[in-house]
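Good morning, and thank you for coming.

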Amino acid sequence: MGDFIDSDDDYFDHDSDDDPELPEIDDQGPNEGFVKVITKESLLAAQREDLRKVMEVLSLKEHHARTLLIHYRWDVDKLLTVLVEKGKDDLCAKAGVTSGEHDNFAPSKFSSMVMCIVCIEEVPANEVTTMDCGHYFCNSCWTEHFIVKINEGQSKRIRCMEHQCQAICDEAKVRILVNARDPKLAEKFDRFLLESYIEDNRKVKWCPSVPHCGNAIRVDDVELCEVECACGLQFCFSCSSDAHSPCSCLMWELWSKKCRDDSETVNWITVHSKPCPKCNKSVEKNGGCNLVICVCGQAFCWLCGGATGREHTYAGIAGHSCGRYKEEKEQKAECAKRDLLRYIHYHNRYKAHTDSFELETNLKTTIQEKISRLEERESTNKDFSWVTDGLYRLFRSRRILSYSYPFTFYMFGDERFNNHMTKEEREIKKNLFEDQQQQFEANVEKLSSILEEPFDQFSEDKVVKLRMDIINLSTVTDKLCEKLYECIENDLLGTLQWSTRKIAPYKSKGVDKASELIVCTDMKLYHTEKDSSKDGMCIITHMPITCVLTLLYVRIYFLFFFPNIVVVEEKLEINNTNKSLKSY
Amino acid sequence: MANSNLPRRIIKETQRLLSEPAPGISASPSEDNMRYFNVMILGPTQSPYEGGVFKLELFLPEEYPMAAPKVRFLTKIYHPNIDKLGRICLDILKDKWSPALQIRTVLLSIQALLSAPNPDDPLSENIAKHWKSSEAEAVETAKEWTRLYASGA
Ligand SMILES: [Zn+2]
Ligand SMILES: [Zn+2]
Ligand SMILES: [Zn+2]
Ligand SMILES: [Zn+2]
Ligand SMILES: [Zn+2]
Ligand SMILES: [Zn+2]
Ligand SMILES: [Zn+2]
């Protein structure tokens with residue numbers, strides 16, 4: 001039994017990042033290493049890295065590389081794919097990069113004065129700047145032009161002043177000229193260029209924390225995923241709201257809106273008041289039975305709100321039956337009420353779990369206290385990861401549990417999500433799902449309660465038993481959660497259209513934590529040794545094109561970045577075998 | 001006040017507009033504001049606007065020439081790229097403005113627009129529809145408007 005527990009410890013070791021001896025485990029997570037946090041400090045380096053790649057591969061100037069990257073939304077992979085498929089000229093033309101040199105326009109080196117056609121002045125040749133397109137104007141005119149464009153928010157693509165010239169101005173020249181006139185604005189220009197890396201980037205998003213933590217998150221695969229920023233916020237990379245799986249983005253959007261809109265109605269209902277059918281005054285229910293009496297003297301039925309006589313028992317009101325006779329109008333009202341009640345039903349459960357989640361976050365402190373008290377004791381076992389792991393499992397499950405209620409609400413009650421199911425099918429699937437949900441829920445509650453036990457006062461034997469209970473319960477909870485997701489993904493969402501179907505998949509180890517982005521400014525060596533092997537893996541696993549093309553692409557990719565292709569391909573193979581082994 | 005530090009370019013452009021005006025176009029700055037121009041464009045021959053004299057106002061904003069001049073028809077005109085308020089849909093007055101362009105080029109472009117209306121890039125939805133569904137009829141209306149509002153009286 002002891003062996004079983006020990007081997008399982010590793011299984012729950014989600015905190016392995018802290019363990020320097022087990023670097024392998026890091027790679028086991030489905031996406032770990034592919035989610036990076038970009039801080040203010042690393043933003044510049046991250047951008048430089050992409051710029052440098054493109055500049056090297058295409059031997060382009062920085063501003064051309066930037067224009068290309070902005071056009072391709074900083075997706076280097078995509079850009080290089082286009083390069084492979086269409087060639088450099090096509091690639092550049094698509095993004096409006098004109099790299100041809102037109103020296104013939106340049107002011108003659110022999111004349112000392114040249115005409116600037118913007119200010120219509122003769123200016124000394126050394127006070128003129130020529131862009132790559134060959135068009136030249138005086139420095140003062142350029143500066144004015146840049147200032148206007150930067151203030152218009154167009155830093156990312158300041159075009160040449162010549163009529164119908166599409167060329168983007170060389171940012172180094174922009175910087176020098178603007179800085180001479182207005183250093184503050186030059187800084188602003190640099191900031192705009194820098195932030196383009198986040199704002200125009202398909203794979204990068206600002207962390208939506210409020211107040212903002214200043215970080216951005218970069219993922220390698222933009223397919224729906226949830227990430228955790230270094231600030232601790234877990235959010236959906238797709239819609240930038242709090243992590244909401246197993247709800248789809250659409251479900252979550254609808255639900256949040258509904259909660260906002262209906263909060264008053266719900267509150268009103270939950271404080272147990274109803275309008276009197278005679279005078280419309282709000283009446284509170286104070287007794288146990290369903291007959292309520294307004295101050296105006298009118299008696300009515302609590303369940304349907306209809307006026308009644310006063311004669312009643314606990315079971316019914318004389319001469320009144322909620323369901324016996326109804327006008328069509330009343331039927332409709334009944335329907336709306338049923339919807340509302342349905343919403344309240346799910347909302348209450350959702351709310352209960354989010355409330356518990358908040359309460360349980362306090363557990364973290366108390367448990368830490370208990371652990372430190374235990375640590376002071378003379379004990380053979382100093383490893384308390386089982387408590388923290390259990391707690392972590394609880395947090396993770398509680399969150400999912402709470403979001404599973406809005407999911408149920410939409411999945412089984414909204415036309416948008418059940419269009420392919422017949423009523424009977426829906427009912428069967430609903431029962432199946434709710435059965436699993438209840439099992440999951442029961443285990444979460446059990447886990448919650450045993451984690452609250454005063455184990456710091458337990459005897460050694462009792463602690464060992466609790467340890468086993470928590471570990472076992474955590475495993476069961478994890479498995480149940482996985483099953484719940486399986487049911488959602490295969491039985492429920494599988495029948496729906498693609499767009500409404502997508503949810504972030506369940507990850508036993510939790511939402512992908514963004515690790516710090518390490519970029520080295522002295523690229524050449526570092527890149528080859530450390531980062532590229534990862535990049536290579538990323539390409540292999542995430543390129544959604546055919547194998548042949550992938551291989552060709554990878555070859556070309558490495559041809560550019562590696563002096564020794566053979567070594568790299570070996571590396572990749574190793575990575576692949578590792579991967580297939582791990583999936584067993 | 002507005003005239004005190006007028007850029008040399010504006011002065012030069014104004015001088016040239018006055019000394020060698022483009023055919024069918026006249027532009028003269030207002031007495032009290034050298035950035036405000038009274039403009040007259042003659043309807044181009046063989047266009048529905050032939051024989052008409054169209055008044056426009058042109059204003060050079062503070063950022064000129066880094067920003068485009070603001071131009072508007074004062075005379076009512078039936079044209080798919082000009083709306084009720086006389087605003088003109090012309091690319092060089094918007095995103096295609098280049099500081100290398102001048103008042104003269106802008107006015108010549110507007111004159112060209114009168115010769116070649118472009119109902120595919122309309123500012124006035126109704127007129128554009130009219131133009132596309134029955135051009136002959138639309139041209140008649142344009143001629144009628146020219147006679148009514150732009151007869152130069
Ligand atoms: Zn100049
Ligand atoms: Zn140019
Ligand atoms: Zn954050
Ligand atoms: Zn989402
Ligand atoms: Zn009453
Ligand atoms: Zn009663
Ligand atoms: Zn009733």
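Over all chains, the structure holds 32 salt bridges, a salt bridge being a side-chain nitrogen of Lys or Arg within 4 Å of a carboxyl oxygen of Asp or Glu. This is a predicted model, in which local features need pLDDT of at least 70 and side-chain atom pairs count only at pLDDT 80 or more, while totals for chains, interfaces and linings use all residues; side-chain values use heavy atoms, without hydrogens and water. Residues are numbered from 1 along each chain as its sequence is written, and chains are lettered from A and ligands numbered from 1 in the order in which they are written.

How many salt bridges does the rule find across the interface of chain B and chain A? There are 2. In one, E121(A) meets R8(B), with an N to O distance of 2.8 Å. In the other, K12(B) meets E121(A) at 3.7 Å, N to O. That pair runs from helix α1 (residues 8-19) of chain B to strand β3 (residues 121-124) of chain A; helices (H or I, at least four residues) and strands (E, at least two) are DSSP runs, numbered from the N terminus.

The interface as a whole brings 14 residues of chain B into contact with 13 residues of chain A, where contact means heavy atoms within 4.5 Å. About 1100 Å² is buried between the two chains, and carbon and sulfur atoms give 64% of that area. Buried area here is the accessible area (1.4 Å probe) that two parts lose on being put together, summed over both.

Helix α3 (residues 40-58) of chain A packs against helix α4 (residues 62-71) of chain A at an angle of about 105°, and their axes are 9 Å apart. Axes are lines fitted to C-alpha atoms, for helices over the stretch in contact, and angles run from 0 to 180 degrees between N-to-C directions. α3(A) is therefore roughly perpendicular to α4(A), a class that covers 65 to 115 degrees. Among the residues making this contact are L51(A) and V54(A) of α3(A), with A65(A) and L68(A) of α4(A).

The loop between α3 and α4 of chain A contains S59(A), which has a positive phi of about 40° although it is not a glycine.

Finally, the cis peptide bonds. One runs from V210(A) to P211(A), with omega near -10°; P211(A) lies in the loop between β6 (204-206) and β7 (216-219) of chain A. Another joins Y64(B) and P65(B), with omega about 5°, and P65(B) sits in the loop between β3 (53-59) and β4 (70-73) of chain B.

Notes:
Parallel < 35°, antiparallel > 145°, perpendicular 65-115°, else oblique.
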